[in-house]
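This report takes up strand pairing and helix packing in one protein model. Please have the sequence and the coordinates open.

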Amino acid sequence: MPVSVTMPRLGESVTEGTVTRWLKQEGDTVEVDEPLLEVSTDKVDTEIPSPAAGVLTRIVVGEDETAEVGSELAVIAGEGEQAGAAAPQQQAPAEQAAPAPQPTAAAEGTAPEPAPQAAPAPQAAPAPSGQGTAVTMPALGESVTEGTVTRWLKQVGETVEADEPLLEVSTDKVDTEIPSPVAGTLLEIRVAEDETAAVGAELAVIGAAGAAPAPQPEAKPAPQAEAKPAPQPEAKPAPAPAPAAAPGVSYNEPAAEAEVAKQPAQAEQRAVPPAPAAKAPTAAPAPGAGAEAAGYVTPLVRKLAAEHGVDLASVNGTGVGGRVRKQDVLEAAERAKAAQAAPAPAAPAPTAAPAKPAAKPQPSAKRGTTEKLTRIRTAIAKRMQESLHEMAQLTTVIEVDVTRVAKLRAQAKDSFQQRHGVKLSFLPFFALAAIEALQTYPIVNARMDLAGGTITYPEAEHLGIAVDTERGLLVPVIHNAGDLNLGGIAKRIADLAERTRTNKISPDEIAGATFTLTNTGSRGALFDTPIVPSPQSAMLGTGAVVKRPVVVNDPELGEVVAVRSMVYLALSYDHRLIDGADAARFLVAVKERLEGGNFEAELGL
């Protein structure tokens, strides 16, 4: 009977999604759990697997179209059926009842009696619940009550180790991996991919090493039996345990030849129907075709590989089960750039002149094109516009001489890295000076409720650090930053930035900032005018530290011109709450702290 493919729930606050790409086209054959289409929201990009095996007979929502959660995206019919074949099957249920047990029994490898159909139902419950450890949905943040299973990294019947990543879960704030609580065998998966479960709900059951429960694989061969595979060839692979094979094939189905090499018995079972179906999809997704043989590849990795011109087939994945991750693609791209740059020095041998045209940057392939605005960029645009409309924002800029800080940094950076394990940049100095100024002038750290007529002064300084990522600008938070010294701040900044870029940050770590620091100077900008994110009232931007001639007052020589390390600090603030004098006092406090350069005790000098 035709099966409807619906838009799953992709987050607590997500009500709709946009179809970015169909991985299958009408008329293509699909397997259970095989990636069918890609969907994008303002929180995450993900693949939607096929809920059943059969033929994609109709696509309801086209690419770049938006659909609400629960709405129909496509229709899948069994092989040999038509999209309208549902009515005749419903009119003759009695005729289906008799022949159904025989193919199901043949697929199970049991006697061809109708009785085995009733047996699977009791087997599904007792097998996992008798012995085993439940895997539950963990608490993923203070305000998060549920999560969506985006991908299972292990399948039923596979062995897992304690703390080994078991599945990936997505919320409206972060995507994260859930580790296995114990070592053993995955007996049952209770929450399928793209399904949502509340915090504390059981996701799976892990028990001691043993055979996986039969009900899960029995449900998958059933639609294949209706596709006219003869019972006799299906009876051959019956002795081989199909449970682990069926789930394991779901993500690697396009690589039919690799699967045939691993399981010859299963190859005989699917020799006729899947062979053409498996070869067809490989021709469509050219960017990920090579990577399918190595395992599942996320849309983000495919997109990143296409942008950098990386062949996924040549990338060695460092993820679980050899999966290719974002870091692997970026490293491969860097190696490719290094390889291309290596022959460049050899070119100057004839003459130095030809090297200049070679160094000319290549124009972007996006020139002259139009692309659809991503959901994440749309969300950022709306938030920035709302913030500007909510507040009367103003920016004040001050110039600071950080020559003493630069000298201390150069003197202590090697010992600092050995002691703390992170590099010493200028940013921790700026952060520490800003935190101390916030403690002196708490109005800059406060927030205003105009409707309620109140001003709230937080009891601590929660410092947000703007981090540039591929998904967009994210702001992880150093909670209780006022309790940390210079070394502690530097370690927290490095840790949060790394985990934010690798999408391993937790929801609580990107919420609750009372003041934000953005380092626009990391890209060479002298200063900018940051937009304050609501409900905060101020945000400090640090420009690039540059050396330039400055007039200084020498005690012996008077006013002289000297080369100094200078930086611009730009404070944007809500002028409804913070007056210009308050902003100036705050900036002067930061300036005096930095120019004083009294950080020897913090650096152990």
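Two strands pair if DSSP finds at least two bridges between them. Strands (E, at least two residues) and helices (H or I, at least four) are DSSP runs, numbered from the N terminus. The model is predicted: local features need pLDDT of at least 70, side-chain atom pairs count only at pLDDT 80 or more, and totals for chains, interfaces and linings use all residues. Residues are numbered from 1 along each chain as its sequence is written, and side-chain values use heavy atoms, with hydrogens and water left out.

**Strand pairs**

| Strands | Sense | Bridges |
|---|---|---|
| Strand 12 (residues 165-170) and strand 13 | antiparallel | 5 bridges |
| Strand 24 (residues 515-518) and strand 25 | parallel | 3 bridges |
| Strand 25 and strand 27 (residues 558-574) | antiparallel | 5 bridges |

Four strands form an open sheet in the order 13-12-10-15, with antiparallel pairing. Strand 13 (175-179) and strand 15 (196-198) are the edge strands, and each pairs on one side only. From one strand to the next, the twist averages 40°. Angles run from 0 to 180 degrees between N-to-C directions, and axes are lines fitted to C-alpha atoms, for helices over the stretch in contact. In strand 13, Ile 178 stands opposite Leu 167.

**Strand 25**

Strand 25 (residues 538-542) is mostly covered, with 5 of its 5 residues buried. Buried means under 20% relative accessible area, exposed over 50%, and partly exposed in between (1.4 Å probe, protein chains only). In a regular strand, side chains alternate between the two faces of the sheet. Here Ala 538, Leu 540 and Thr 542 point one way, while Met 539 and Gly 541 point the other way. Gly 541 is the bridge partner of Thr 518. Gly 541 also stands opposite Ala 570 in strand 27.

**Helix 19 on helix 21**

How do these two helices pack? Helix 19 (residues 427-440) meets helix 21 (residues 580-596) at an angle of about 135°, with their axes 9 Å apart. That makes helix 19 oblique to helix 21. Angles under 35 degrees count as roughly parallel, over 145 as roughly antiparallel, 65 to 115 as roughly perpendicular, and the rest as oblique.

Contact means heavy atoms within 4.5 Å. Residues of helix 19 in this contact include Phe 429, Phe 430, Glu 436 and Leu 438. Helix 21 brings Phe 586, Ala 589, Val 590, Arg 593 and Leu 594. The contact residues divide into 11 nonpolar, no polar and 2 charged. Ala, Val, Leu, Ile, Met, Phe, Trp, Tyr, Cys and Pro count as nonpolar, Asp, Glu, Lys and Arg as charged, and the others, Gly among them, as polar.
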